[in-house]
Amino acid sequence: MGTATPKPSPEDAQPSWPPVAVRGEPAVSQPDPAQPSEGEEVLSDLQAQFRRYVVLPNEDALTAVTLWVAATHLQTAWQHAPRLAVVGPAKRCGKSRLLDVVTETVHDPLITVNASPAAVFRSITENPPTLLVDEADTLFGSAKVAEKNEEMRGLLNAGHQRNRPTLRVSGPNHEVSKFPTFAMAALAGIGELPDTIMDRSVVIRMRRRRPGEKVAEFRTVRDTPALHALRDRLVAWLAPLHATAMDLTPPMPVEDRAADTWQPLVAVADLAGGPWPEAARAACLAMTKHEAEQDQDNSALNIRLLADIRRVFAAEGNPAIIRTSRLIDSLNEDAESPWPGYSDKGLTARGLQILLKDYGIGSANRRFPDGYQAKGFTRLQFTDAWARYCPEPEPTAEPDSTTGA
């Protein structure tokens, strides 16, 4: 994920962002603030619909979802197709309801629940649909399940950027065919999605409503006509701007992949004018910063695990081999550590395997000194990771009693 650049100082701040630069053409002037543009109005109306049916975590998330939906109607103008990752820690956080509203307002929605990767990439054309995946945790929720769906993850990763086709042998002559993968996609699920997908996503972290937070009930037959009318207004506004959008180079407040992911949203905001350019960049800065902090927290958790495993080995007398069950029990017995609350059952063998995967460490059948065979780890497996990520401090020299040094 790209690092955020500093916000402008108050002295440099302007009432609005500069006109959008278009290669080889004069800058696109902003609409008269006294007369809201059609884009400003339709985005505000779309935002109001999201606010009606869903409690989003904050105003930045509301801005991001609104702009992401609008950006789907100009997919063929963008170099990158940002994912919308709608995640939450538990059920009943509003993820599916948010996806319901998204489905009825995006360009050409394609529901991919239980769809095979082959069916999905054969559905992507030069005018791609918008892929929608609910309950994405059933695809990537554990290492074992994720392994079975590696092809889908690869498809979602490749489709973030243009000109990343998938190759397949097809036809009676077994000819190699290229299938496009470029398409915007929204995924909703419990817990984290794979890092490679999250890194290509505008991430919306949902949470359960507090008592007193009310939203309107969503009924498909009754409520979709109004959402479809909004979708049609988005098309009417954005379709004539396709050529302009292709050449937009909006100033971005972040860099690298974060800029790639957010650029379509910021470009749509600049096309709308009014308060949207400033709101889009504020959301971009705040949300990418939050995700960068999440990445740091996850890294810190993994390093904490390595250090705690070293402590368990030391407490056991630094044996050459330790049973997986014994290691997990020892980790979960430390009430001051994060492991007892890692899941409903504390840290499990599967959870341990996932956390250690990035270090190339895994359990295997071992023969112990008593002749018993069981899953376990060797101390030697950890020595390189300990040295690289959590080296023990160098021992301090004892003062020399003869010199006082």
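Reply: Contact here means heavy atoms within 4.5 Å. Helices (H or I, at least four residues) and strands (E, at least two) are DSSP runs, numbered from the N terminus. This is a predicted model: local features need pLDDT of at least 70, side-chain atom pairs count only at pLDDT 80 or more, and totals for chains, interfaces and linings use all residues. Residues are numbered from 1 along each chain as its sequence is written, and side-chain values use heavy atoms, with hydrogens and water left out.

Me: What covers the buried residues of H7?

Reply: The cover includes strands E3 (83-88), E5 (130-133) and E8 (185-190). It also includes helices H4 (117-123), H5 (137-140) and H8 (195-198).

Me: And which residues of H7 are buried?

Reply: In H7 (residues 150-158) they are Met152, Arg153, Leu155, Leu156 and Asn157. Buried means under 20% relative accessible area (1.4 Å probe, protein chains only).

Me: Switching to helix pairs. At what angle do H2 and H11 pack?

Reply: About 90°, with the axes of H2 (residues 59-71) and H11 (residues 256-272) 9 Å apart. Axes are lines fitted to C-alpha atoms, for helices over the stretch in contact, and angles run from 0 to 180 degrees between N-to-C directions. That makes H2 roughly perpendicular to H11 (65 to 115 degrees).

Me: Which residues make the contact?

Reply: H2 brings Ala64, Leu67, Trp68, Ala70 and Ala71. H11 brings Trp262, Pro264, Leu265, Val268 and Ala269. The residues of this contact are 10 nonpolar, no polar and no charged. Ala, Val, Leu, Ile, Met, Phe, Trp, Tyr, Cys and Pro count as nonpolar, Asp, Glu, Lys and Arg as charged, and the others, Gly among them, as polar.

Me: How do the axes of H1 and H9 cross?

Reply: At roughly 155°, coming within 10 Å, for H1 (residues 38-53) and H9 (residues 220-238). H1 and H9 are therefore roughly antiparallel (over 145 degrees).

Me: What's in that contact, by class?

Reply: The contact of H1 with H9 has 8 nonpolar, 2 polar and 5 charged residues. Among them are Glu38, Glu41 and Asp45 of H1, and Asp223 and Arg233 of H9.

Me: Now the sheet. In what order do the 3 strands run?

Reply: E10-E12-E11, as an open antiparallel sheet. Strands pair if DSSP finds at least two bridges between them. E10 (321-323) and E11 (364-367) stand at the edges, each with a single partner strand, so one side of each is left without a neighbour in the sheet.

Me: How many bridges link E11 and E12?

Reply: E11 and E12 (residues 373-378) pair over 4 bridges. Gly376 in E12 is the bridge partner of Ala364.

How values were computed: Parallel < 35°, antiparallel > 145°, perpendicular 65-115°, else oblique. Buried < 20%, exposed > 50% of the residue type's maximum accessible area, 1.4 Å probe, protein only.
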